[in-house]
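Colleague: I have a few minutes before the meeting, could you walk me through this one?
Modeller: Gladly, here it is.

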Amino acid sequence: MTRPVVVITDTAELDPGPGLRLLAEAGFEARLVGSRDPEVIAAAAHDAVALIVGYARIDAALLDRLPTVRMLATMSAGIDMIDVPEAERRGLWVANLPDAATEDVAVHALAQALALVRRLPQADTLVRGGGWSDDFTEVPRRASELTLGLLGFGRIARTFARIAAPLFGRVLAHDPHATDGPAGVELTDLDTLIADADVLSLHIPSTPRTQGMIDGPLLARMRPGSVLVNVARGDLVDPGALLTALDRGPLAGAALDVFPTEPPAADDPLRTHPRLLLSPHSAFLTDASLHAYATDPARNVIAWWTTGRPHTPVVGPDPATTTAPGTTPRQGAPA
């Protein structure tokens, strides 16, 4: 009997071995493409039932060439590499990994926030330059007297709030989709969040409405001496406005794990500004998260094939008319 084919497009820094082994053990023929090129993907996946996607763009033009594909599983929480409305129109399943690195990203954001609050980048520069405490002009404020503000209140922001609440005097969050918050978190409007936060951490998706949202007028409304943390998406922040706010106020510092262009150009001024704390889009990075990113997409495909539904779907066909592809159709369901 012919084995169903699953194609892994590209894996970046991930080791595809564990996922490939899971698929093989479940009876699939798993092919690793190692490319984002649509021509290469189309040739390798012409008979595939599912794609596991890293950063490759999956759009209508490519899907037209993959008539047997019924399932798209991402190796990330993000789904912006997939034309989701087009996949939904075609009745395809799309599944992501919403919780593979939630703790890791939240801990990274907290570490960056505390480093800025404690002025650690400036202290490090001072000591490396031969100075000592008598020369330190960057006097930190006590964390318990500061307000942490979270723009967006999904899984990562909620985890961040839980682990950070004992350290900060107040925790605010703004999210138009959030109707309740855990004890110790105040849901508020955007204007209040911007005006009151000493630490503003971004946890919103990149959409046409949010791209460039953190611009000059918004930054100008922040508190003098406040800091900004971005572990979400690079295009949320206007880089020119950020540099101006660091040079002229009100920002005392900012931490970026994500950038408008990745990696940033060698001469990008974001790389060299002394009040910026930078990391290379690595907030997700732990041994545990790498294992989850490599294996959980395969588990989504296996669950879809055997039960008719992936573990963590984003969109999919009407469940009432969905049959597990590898099983006999349910009575009354279309074949």
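Colleague: Which strand does S11 join through three bridges, and how do the two run, parallel or antiparallel?
Modeller: Bear in mind that this is a predicted model; in it, S11 is joined by three bridges to strand S12, residues 276–278, and the two run parallel. Within that pairing, Ala 254 has Leu 276 of S12 as its bridge partner.

Colleague: And what about S10 and S11, over how many bridges do they pair?
Modeller: Strand S10, residues 226–230, pairs with S11 over five bridges, in the parallel sense, and there Val 229 has Ala 255 of S11 as its bridge partner. To get from S10 to S11 the chain passes through helix H10, residues 239–248, in a β-α-β crossover that is right-handed.

Colleague: How many residues of S11 are buried?
Modeller: Six of the six residues in S11, which spans 251–256, are buried, so that the strand is mostly covered.

Colleague: Switching topic, which residues have the most contacts inside the largest nonpolar core?
Modeller: Those are Ile 52, Leu 150, Phe 160 and Val 301, in a core of 49 residues. Helix H5, residues 102–117, supplies the largest share of this core, with seven residues. Another core, of 27 residues, lies apart from it and includes Ile 194, Leu 219, Met 222 and Leu 246.

Colleague: What is Leu 150 in contact with, leaving aside its neighbours within four places in sequence?
Modeller: With those neighbours set aside, Leu 150 is in contact with Ala 157, Phe 160, Ala 161, Val 171, Leu 172, Ala 173, His 174, Leu 193, Ser 201 and His 203.

How values were computed:
Residues numbered from 1 in each chain as written. Predicted model: local features only at pLDDT ≥ 70, side-chain atom pairs only at ≥ 80, totals over all residues. Heavy atoms only, no water. Core = buried A, V, L, I, M, F, W, Y, C linked by side-chain atoms within 4.5 Å. Buried < 20%, exposed > 50% of the residue type's maximum accessible area, 1.4 Å probe, protein only. Helix = DSSP H or I, 4+ residues; strand = E, 2+ residues; numbered from the N terminus. Contact = heavy atoms within 4.5 Å. Pairing = 2+ DSSP bridges. Right-handed = clockwise from strand over helix to strand, strands pointing away.
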